[in-house]
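Student: I am new to this structure and would like to learn how to read it. Could we go through it together, one feature at a time?

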Amino acid sequence: MDVQCAHEHFDAFLNVASEVGFDPSVFGEKPYLKVAIDDMKPIPAFRLMEAAEFIDQYINTKRILVFCDGGVGRSPSVVIAYLCSKGMRFGQAVEFMAMRKPYMSILPDLIESIKKAFTRPPAPLLRLDTFALPSKPTESVVV
């Protein structure tokens with residue numbers, strides 16, 4: 001589906017192709033964001049986070065078209081990453097996407113990019129040698 005023809009079927013547009021540009025006025029008042037992702041290269045974590053933030057902003061109120069140049073690698077990879085960011089396991093997200101877009105391919109190191117973008121670092125361990133209790137023990141009240 002040509003993006004300009006899709007204009008009437010979608011309410012928001014996420015362009016994830018670094019080499020594909022549109023004048024945002026083509027989309028009128030509809031939200032449009034370009035997140036520059038290079039084809040067949042790992043996606044930087046900050047780009048996945050930027051795309052996910054856009055999708056989050058509109059997913060409950062708009063039909064979003066995520067597109068790239070060929071619709072084979074980058075756009076499905078971004079959708080898979082988004083699904084994983086919402087708690088879906090990677091294999092499930094790939095299967096979900098493949099059922100809807102059979103001719104797709106994920107970009108290299110996608111799992112690593114997803115982990116970098118959406119996995120929070122573990123909380124620091126509480127070191128007992130720096131942990132202090134109150135100086136006075138609390139008194140128990142016996143009734």
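Student: Is Arg 74 buried or exposed?

Tutor: A word on the source before that: this is a predicted model, where local features need pLDDT of at least 70, side-chain atom pairs count only at pLDDT 80 or more, and totals for chains, interfaces and linings use all residues. Residues are numbered from 1 along each chain as its sequence is written, and side-chain values use heavy atoms, with hydrogens and water left out. Now, buried means under 20% relative accessible area, exposed over 50%, and partly exposed in between, with a 1.4 Å probe and protein chains only. Arg 74 has a relative accessible area of 2%, so Arg 74 is buried.

Student: Which residues does Arg 74 touch?

Tutor: Contact means heavy atoms within 4.5 Å. Leaving out residues up to four places away in sequence, the contacts of Arg 74 include Glu 19, Asp 38, Asp 39 and Asp 69. Arg 74 itself sits in helix H3. Helices (H or I, at least four residues) and strands (E, at least two) are DSSP runs, numbered from the N terminus.

Student: And how exposed is Met 88?

Tutor: Met 88 is partly exposed, because its relative accessible area is 27%. You will find Met 88 in the loop between H3 and H4, where Met 88 touches Leu 83, Ala 93 and Phe 96, not counting residues up to four places away in sequence.

Student: Which way do the side chains of strand S3 point?

Tutor: In a regular strand the side chains alternate between the two faces of the sheet. In S3 (residues 64-67), Ile 64 and Val 66 point one way, Leu 65 and Phe 67 the other, and all are buried.

Student: How many bridges join S3 to strand S1?

Tutor: Two strands pair if DSSP finds at least two bridges between them. Four bridges join S1 (residues 12-15) to S3, and the two run parallel. In one of these, Ala 12 has Ile 64 as its partner in S3.

Student: Which residues lie nearest the centre of the largest pocket?

Tutor: Rolling a probe the size of a water molecule over the atoms shows where empty space is left. On a 1 Å grid over the protein atoms alone, a pocket is an open set of points where a 1.4 Å probe fits, with protein on both sides within 12 Å along at least five of seven lines; lining residues have an atom within 4 Å of a point. Here 26 residues line the largest pocket, and Ile 64, Leu 65, Val 66, Phe 67 and Met 97 lie nearest its centre. H3 gives the largest share of that lining, five residues.
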